[in-house]
Amino acid sequence: MSVRHALLALLAEGPKYGLQLREEFVERTGEVWPLNVGQVYTTLQRLERDGLVESDDAADPGPQKGFRITEGGEQELTGWLRTPPDLAAPPRDELVIKILVAARMPGVDVHDVIQVHRRYLVELMQRWTRLKEDEDGTDLSFALVVDAELFRLDSVIRWLDSADGRLRRASVEPAPARATNTGPLPKMRRRVGGRR
Amino acid sequence: MSVLEMRDVSKTYGQGPAEVAALRGVDLAVDPGTMVAVMGPSGSGKSTLLTIAGSLESPTAGEVLVSGAPLAGMSRDELARLRRRSIGYVFQDFNLLPGLTAVENVSLPLELDGLSGRRARQRGLEALDLLGLADRAGHFPDQLSGGERQRVAIARAVVGDRRLLLADEPTGALDSVTGEAVMRLILAACKRGVAAVVVTHDAQLASWADRVVFLRDGRVIDHTSPPPGPESLLEAER
């Protein structure tokens, strides 16, 4: 999560103090991502060094020091909004690795392992949904952040469901053995997202 | 007392080599004011569980009780009365009668139960009003949007003094914001004391429930624990 650009976005509304920036950041992100004052000041110092914000030189460093965005900062912010985050390379997902290992390990029922994770994720989703229910849809930022989390967890459960089904089918109709596939984990034959 | 109790319920279809076990020894209890979601892949027995809970089918073995009364001992008439008075159904495809207006759809079960047309209509209007549809009462189903039709179906399911709401993929093809509104309505019915069973393969839907039961090959294989307070979620990250 880019604290740097979030602070620039807040300063694009007008000059602000450091402490005020921290409070507004937490509020605008539905209070889901906490941010300490130290992080705010370190980030502001770097932004100033890079010429993206300016401060009141006269004031002492501290809560009373005001900051404002520069023209360079505004350009940086506009560019960032339209730059897609790097989702091309698949992350080395711990859950995917656990399921790959469980599918091959003697004496381990991979479907039980899948169910343990599925239950945990559904319980997590229940807790997020409960937050949304209590909030009653009045805090828009909060609803957006909670939805993002619910969709993310949901996508992991869908992957587990599909893995569950695929592994069941594979155990009923075993695929012909491949000479190349002898390792403990299936080899990645293609590098996904490598074409850049 | 649980509104719905299923004890060691099994259901098999067909005979001999063609025999298929749709449910195997399912235990499930749903208390007033709670929502239970039943999750499982296609063919896991979700819909069979719901039709047996709603007395539309009888189990091959085991017992089903609605508000403490065993269904097995009831005559056809008694079962029909139970379905009209105590059990509401919400289906994915709404199942509204196209020739009746919204309020007529909602009040029909009350009229069938012997309530006068005028009183049934009054109760129907109240149920629609509760779901924010008072101004759509005179519309026919094809004049309503998908979300509105599903709200009419929920109004029909909770009209009168229904104690048990059974829903099969109730948000069906609705978009996620409209689907959320539907789940909030079912939850509101639960807050008024209704017991609800929602069958779904969708985790986002299931996460509205107090308890999620996982069904696989006709068996309950797992269920969620009651969630700790939601505050813990944000505190944990601090």
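Me: In what order do the six strands of the open sheet of chain B stand?
Reply: The model is a predicted one. In chain B, six strands make up an open sheet with mixed pairing. From one strand to the next, the twist averages 20°. The strand order is 6-7-8-3-9-10.

Me: How many bridges join strand 9 to strand 10 in chain B?
Reply: Strand 9 (residues 211-216) and strand 10 (residues 219-223) of chain B run antiparallel. One of the pairs is B:Leu215 with its bridge partner B:Val220 in strand 10. The number of bridges joining the two strands is four.

Me: Which residue takes a positive phi in the hairpin of strand 9 and strand 10 of chain B?
Reply: Two residues lie between the strands of this hairpin. The positive phi is near 50°, and the residue that takes it is B:Asp217.

Me: At what angle do the axes of helix 2 and helix 3 of chain A cross?
Reply: Two packed helices are described by the angle and the distance between their axes. For helix 2 (residues 18-28) and helix 3 (residues 37-49) of chain A, the axes come within 9 Å. The crossing is right-handed, and its angle is roughly 115°.

Me: How do the residues of the contact of helix 2 with helix 3 of chain A divide into nonpolar, polar and charged?
Reply: Helix 2 of chain A contributes A:Gly18, A:Leu19, A:Leu21 and A:Arg22. From helix 3 of chain A come A:Val37, A:Val40, A:Tyr41 and A:Leu44. The division is six nonpolar, one polar and one charged.

Me: Which helix supplies the largest share of the side of chain A that touches chain B?
Reply: Between the chains, 21 residues of chain A are in contact with 19 residues of chain B. Helix 6 (110-135) and helix 7 (140-172) of chain A each supply at least two residues of that side of chain A. Its residues divide into eight nonpolar, four polar and nine charged. The largest share, 13 residues, comes from helix 6 of chain A.

Methods
Residues numbered from 1 in each chain as written. Chains lettered and ligands numbered in written order. Predicted model: local features only at pLDDT ≥ 70, side-chain atom pairs only at ≥ 80, totals over all residues. Contact = placed C-beta atoms within 7 Å. Nonpolar A, V, L, I, M, F, W, Y, C, P; charged D, E, K, R; others polar. Axes fitted to C-alpha atoms, helices over the stretch in contact; angles between N-to-C directions. Left-handed = near helix turned anticlockwise from the far one by under 90°. Pairing = 2+ DSSP bridges.
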